[in-house]
Amino acid sequence: INAEYMGTLSECLFFFAASDLSFPPSMGETEAEAGRCEVGQHAVWSVSTAKHGNSVRQLRDGNLETFWQSDGAQPHSIDIQLHKMMRVQEIAMYLSYPLDESYTPKRITLRCGTTRHDLRDLLSRELDEPNGWVRIALKDDQQDYVCGSIFQILVTEGHQNGRDTHVRQ
């Protein structure tokens with residue numbers, strides 16, 4: 001989770017990255033130039049299912065060679081629970097179709113809420129053989145961010161009709 005500072009700390013706009021790895025905020029711009037910092041370490045991360053040895057630890061370890069692998073029926077989910085309400089601008093995930101093929105997510109839905117019981121769909125996106133950081137801007141009708149304390153990434157379909165999924169970071 002990264003933050004763009006706009007005044008005091010309580011006025012920060014936050015966005016997610018699925019790891020603590022640096023990734024380019026936008027072409028030619030460094031994270032420091034954008035005024036952003038990763039705050040994902042302040043969240044509680046959980047997944048719907050995981051193969052032994054491929055769980056949340058691998059999703060958050062900062063290594064692009066490791067990955068979370070689901071185990072079971074779709075949809076698969078990643079839950080990111082913050083300790084307080086935050087304004088979130090973006091979620092980013094590292095995916096690799098060349099390495100993961102049928103395990104690569106093809107269709108995802110992003111959800112947000114204040115508890116697991118009031119999650120609402122923000123958007124659905126189809127991914128066409130992604131390879132690298134997939135960045136998804138979050139905004140509502142009025143603002144360039146979404147407020148919430150829990151965010152969920154649902155993988156509803158895999159490439160080549162794959163059953164399980166890999167998310168590398």
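Figure 1. Buried residues account for 48% of the chain's 169 residues. The model is predicted. The chain averages a pLDDT of 82, and 77% of the residues score at least 70. There are 2 helices and 11 strands. Read from the N terminus, the elements run β-β-β-α-β-β-β-α-β-β-β-β-β. Among contacts with a separation of 6 or more, 72% link residues 24 or more positions apart. The accessible surface comes to about 8,500 Å². Carbon and sulfur atoms hold 47% of that surface.

Figure 2. Where pLDDT is low, predicted coordinates should not be read in detail.

**Figure 3. The largest nonpolar core.** This core has 24 residues. Ile-78, Leu-138, Ile-153 and Val-167 touch the most other members. Strands E5 (76–88), E6 (90–96), E7 (105–113), E9 (131–137) and E10 (146–158) each supply at least two residues of the core. E5 gives the most, with 5 residues. In soluble globular proteins, nonpolar side chains tend to be buried together.

**Figure 4. Ile-153 and its contacts.** Ile-153 is one of the core residues that touch the most other members. Beyond its neighbours within four places in sequence, Ile-153 is in contact with His-76, Ser-77, Ile-78, Ile-80, Ile-91, Met-93, Thr-109 and Leu-110. Among these partners, Ile-78 also belongs to the core.

**Figure 5. His-76, a buried residue of strand E5.** His-76 lies in E5. Its relative accessibility is 1%, under the 20% cut-off, so His-76 counts as buried. The side chains of His-76 and Ser-70 are joined by a polar contact of 3.2 Å. Leaving aside neighbours within four places in sequence, His-76 touches Ser-48, Thr-49, Trp-68, Ser-70, Ile-153, Leu-154, Val-155, Arg-163, Asp-164 and Thr-165.

**Figure 6. Strand E6, covered on both faces.** In E6, 7 of 7 residues are buried. One side carries Glu-90, Ala-92, Tyr-94 and Ser-96. The other carries Ile-91, Met-93 and Leu-95. E6 runs antiparallel to E9, and 7 bridges join the two strands. Ala-92 has Arg-135 in E9 as its bridge partner.

**Figure 7. The hairpin of E7 and E8.** E7 and E8 form a hairpin, with 6 residues between them. The two strands run antiparallel and are joined by 6 bridges. E8 spans residues 120–126. Leu-110 stands opposite Leu-123 in E8.

**Figure 8. Gln-58 in helix H1.** H1 covers residues 56–59, and Gln-58 is part of this helix. At 16% relative accessibility, Gln-58 is under the 20% cut-off and therefore counts as buried. Not counting residues up to four places away in sequence, Gln-58 touches Gly-53, Thr-66, Phe-67, Trp-68, Arg-168 and Gln-169.

Figure 9. Thr-66 sits in the loop between H1 and strand E4 (68–69). Its side chain makes a polar contact of 2.6 Å with the side chain of Asp-61. A polar atom of the Thr-66 side chain also lies 3.1 Å from the backbone oxygen of Asn-63. Thr-66 and Gln-169 are 103 residues apart along the chain, yet their C-alpha atoms are separated by 8.1 Å. Beyond four places in sequence, Thr-66 touches Gln-58, Asp-61, Arg-168 and Gln-169.

Figure 10. Most residues other than glycine have a negative phi, and most peptide bonds are trans. A cis peptide bond joins Gln-74 and Pro-75, with omega about 5°. Pro-75 belongs to the loop between E4 and E5. Glu-129 has a positive phi, near 45°. Glu-129 is found in the loop between E8 and E9. With 45% relative accessibility, Glu-129 counts as partly exposed. Asn-161 also has a positive phi, near 60°. Its place is in the loop between E10 and strand E11 (166–167). The relative accessible area of Asn-161 is 71%, over the 50% cut-off, so Asn-161 is exposed.

Methods. Residues are numbered from 1 along each chain as its sequence is written. This is a predicted model: local features need pLDDT of at least 70, side-chain atom pairs count only at pLDDT 80 or more; totals for chains, interfaces and linings use all residues. Side-chain values use heavy atoms; hydrogens and water are left out. A nonpolar core is a set of buried Ala, Val, Leu, Ile, Met, Phe, Trp, Tyr and Cys residues joined through side-chain atoms within 4.5 Å. Buried means under 20% relative accessible area, exposed over 50%, partly exposed in between (1.4 Å probe, protein chains only). Helices (H or I, at least four residues) and strands (E, at least two) are DSSP runs, numbered from the N terminus. Contact means heavy atoms within 4.5 Å. A polar contact is a pair of N or O atoms within 3.5 Å; within protein, one must be able to donate a hydrogen and the other to accept it, and residues adjacent in sequence count only if both atoms are side-chain atoms. Accessible areas come from the Shrake-Rupley method with a 1.4 Å probe; for residues, only the protein chains shown count as cover. pLDDT is the predictor's confidence in each residue, from 0 to 100. Two strands pair if DSSP finds at least two bridges between them.
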